[in-house]
Amino acid sequence: MNHAETLRDLLAQDTCHIMPCCFDALSAKLIQQEGYALTFMSGFAASASRIGAPDLGLMSYGEVVDQARSIADAVTIPLIADGDTGYGNAMNVRRTVSGMARAGCASVMIEDQVAPKRCGHTPGKAVVSRDEAFDRIRAAVDERAALRAQGSDIVILSRTDARHEHGLSEAIERAAKFAELGADILFVEAPQTEAEMREVCANLPGAKMANIVEGGATPNLPNAALHEIGYSIAAYPLSLMASAMQAMVTTLRAMRDDARPNQMDFTELRQRIGFEDYYQTSEQYGSSRRD
């Protein structure tokens with residue numbers, strides 16, 4: 001079974017999957033090691049970790065695909081990649097979808113923001129016209145069909161940020177059209193109340209994704225409530241990044257004071273990275289053995 005099929009099977013389950021988002025291969029490995037069924041390469045977190053810059057459209061298509069490939073190579077659970085606006089016109093969208101599939105991603109997200117895009121919970125967002133937004137999803141679906149003809153596949157996650165600029169009704173209407181065009185997962189970004197979240201799920205078909213940014217616009221509800229509302233996936237794009245940054249800052253401050261910070265022990269660190277697996281596998285090759 002390929003990753004796209006695995007993701008579709010997960011979406012068919014009567015549950016809301018908690019999806020911690022990764023930003024590099026190591027964070028993705030930790031997510032898999034802790035038993036999560038899927039992950040998402042957060043554009044916000046990937047931009048911060050790879051280029052040390054905010055998620056404001058600064059990473060190029062090539063950088064994003066390269067980051068996705070490194071992550072997909074490190075895990076066996078389905079990876080959803082952030083394809084942003086598709087990096088150009090409809091033909092660029094097709095290349096983005098194809099590139100993410102070749103990189104090993106189970107799914108790619110395409111959104112309707114104006115390029116360069118912005119993080120969904122920060123100021124200054126704007127969306128393209130309906131026609132351009134629909135063209136992007138139509139192109140993504142067309143490329144999915146082309147991939148299937150070649151024996152490959154990818155799940156299309158469609159996102160709209162229209163709530164910020166045009167209101168919830170416009171966002172729902174756009175998402176409904178995305179579904180009509182063939183998108184597999186619908187994502188209305190940044191509903192601002194539980195009532196809005198319920199309106200989104202009540203008026204849209206198929207699988208829906210909630211995006212929970214701690215301190216962001218969308219209420220941080222318990223997973224049972226998200227399932228009851230109608231979501232299939234609850235993405236947490238910054239939880240690991242924020243935790244990692246806090247831990248690093250705490251350690252750096254402790255070291256400056258010549259303190260010994262509390263941290264993961266060396267044995268567990270080696271095991272989680274994969275040293276022990278490497279040693280065990282290398283034992284079968286005489287030229288790879290070392291004392």
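Leaving aside neighbours within four places in sequence, Val-97 is in contact with Val-108, Ile-110, Ala-140, Glu-143, Leu-147, Ile-154 and Ile-156, where contact means heavy atoms within 4.5 Å. The model is predicted, so local features need pLDDT of at least 70 and side-chain atom pairs count only at pLDDT 80 or more, while totals for chains, interfaces and linings use all residues. Residues are numbered from 1 along each chain as its sequence is written, and side-chain values use heavy atoms, with hydrogens and water left out.

In soluble globular proteins, nonpolar side chains tend to be buried together. A nonpolar core is defined here as a set of buried Ala, Val, Leu, Ile, Met, Phe, Trp, Tyr and Cys residues joined through side-chain atoms within 4.5 Å; buried denotes under 20% relative accessible area, exposed over 50%, and partly exposed the range in between (1.4 Å probe, protein chains only). The largest nonpolar core holds 58 residues, of which Met-41, Val-97, Met-100, Ile-154, Leu-226 and Tyr-231 touch the most other members. Helix H6 (residues 130–149) supplies the largest share of this core, 7 residues. Another core, of 19 residues, lies apart from it and includes Leu-11, Met-19, Ile-80 and Ala-235. Helices (H or I, at least four residues) and strands (E, at least two) are DSSP runs, numbered from the N terminus.

Side chains of opposite charge can pair when their charged atoms come close. A search of the whole structure finds 24 salt bridges, each being a side-chain nitrogen of Lys or Arg within 4 Å of a carboxyl oxygen of Asp or Glu. One of them joins Arg-272 to Glu-34, with the closest N and O atoms 2.9 Å apart. Because Arg-272 lies in helix H12 (residues 266–273) and Glu-34 in the loop between helix H2 (25–33) and strand S2 (39–41), this pair ties together parts that are 238 residues apart in sequence. Arg-272 is buried, at a relative accessible area of 17%.

A salt bridge is also formed by the side chains of Arg-130 and Glu-170 (2.8 Å, N to O). This pair links distant parts of the chain, 40 residues apart, with Arg-130 in helix H6 and Glu-170 in helix H8 (residues 168–181). Arg-130 is partly exposed, at 32% relative accessibility, whereas Glu-170 is buried, at a relative accessible area of 15%.

Arg-270 forms a salt bridge with Glu-276, the closest N and O atoms lying 3.7 Å apart. Arg-270 counts as partly exposed at 22% relative accessibility, and Glu-276 counts as partly exposed at 34%.
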